[in-house]
Amino acid sequence: MTNSRSSSGQDVRLTAGEAEVTVDPANGCRISSLRIAGTELLRQGDHYGCFPMVPWCGRIAEGRFRDGAVEHQMPLNAAPHAIHGTGRDTAWHTARATGTEASFFYDLAKPWPYEGRVTQSVELTEDALTLRLGVETYGDSFPAQVGWHPWFRRHLDEKEGPQESGALLAFAPAWQEERGADHLPTGRRIDPLPGPWDDCFGMPDGLAATVTWPGAMELKLTSRAEWVVVYDEQEAAVCVEPQSGPPNGLNTAPALVTPIEPLELAATFTWRRLA
């Protein structure tokens with residue numbers, strides 16, 4: 001089933017077997033719903049679901065980044081820092097939608113200081129959802145990052161609060177970025193510490209993580225992304241965020257989008273029912 005048009009503003013719904021996905025292009029092109037056999041896996045609400053982080057991920061220190069000798073200032077939407085890019089606050093356009101696939105785009109605009117285009121494609125099968133993000137320039141090269149911020153429900157039933165059956169996260173990072181008092185990486189790599197986390201981890205062979213709801217569902221998240229931020233300090237959700245670079249990476253580990261080389265990343269969610 002598809003419900004779409006070639007503009008922002010109308011949800012796009014995809015189905016494959018027992019899987020249903022809803023994309024909301026008007027609200028940052030976020031995956032607003034991922035339902036398997038009627039069970040919702042994503043936290044609901046205008047700020048949740050699974051949204052693309054573009055043209056940067058996580059926090060930028062005091063909202064400032066340098067490109068050569070030029071310093072740029074982004075709005076401080078998580079004072080004293082800027083966080084998660086501008087794409088999540090932008091109305092995207094639907095370029096194409098079928099029963100199981102869709103693609104979306106928007107053109108970069110102020111406050112981002114460079115011209116270019118951002119695209120996201122969504123592909124659904126009976127047991128997997130694949131997301132792809134891309135950034136290309138219309139002119140000058142510029143630093144950028146891409147990634148996703150999924151909010152997985154901690155509990156799949158209607159109960160809230162601590163429960164033994166809450167979501168369990170398994171992953172094996174090579175290191176953890178030490179987090180300073182300002183919530184930014186200090187530049188020092190340390191052995192992974194026990195959670196709860198609002199932290200960035202390095203996985204140089206690519207992200208491989210599993211979220212398990214005991215007795216109900218197992219979801220594997222894979223990506224060639226070498227960085228992942230895990231945020232599980234809220235009782236309602238567990239966030240596992242594949243990223244092309246670390247927080248504040250526009251300053252510390254910039255990737256350049258050039259006229260001949262766009263920035264591209266993919267992530268795949270694969271699931272199986274346990275009951």
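**Exercise 1: A ring pair**

Tryptophan 151 has a relative accessible area of 8%, so the residue is buried (under 20% relative accessible area; exposed is over 50%, partly exposed in between, with a 1.4 Å probe and protein chains only). This is a predicted model, in which local features need pLDDT of at least 70, side-chain atom pairs count only at pLDDT 80 or more, and totals for chains, interfaces and linings use all residues. Residues are numbered from 1 along each chain as its sequence is written, and side-chain values use heavy atoms, without hydrogens and water.

Task: Determine how many aromatic pairs the structure holds, and classify the pair of tyrosine 48 and tryptophan 151.

Solution. 
1. Rings of Phe, Tyr and Trp (its six-membered ring) pair if their centres lie within 6.5 Å; planes under 30 degrees apart are stacked, over 60 edge-to-face, and the rest tilted.
2. The structure holds 14 aromatic pairs.
3. The ring centres of tyrosine 48 and tryptophan 151 are 4.8 Å apart and the planes stand at 80°, so this pair is edge-to-face.

**Exercise 2: A second pair**

Task: Classify the pair of phenylalanine 171 and phenylalanine 201, and state whether each residue is buried or exposed.

Solution. 
1. The centres of the rings of phenylalanine 171 and phenylalanine 201 lie 5.1 Å apart, with planes at 90°, so the pair is edge-to-face.
2. Phenylalanine 171 is buried, at 18% relative accessible area.
3. Phenylalanine 201 is also buried, at 0% relative accessibility.
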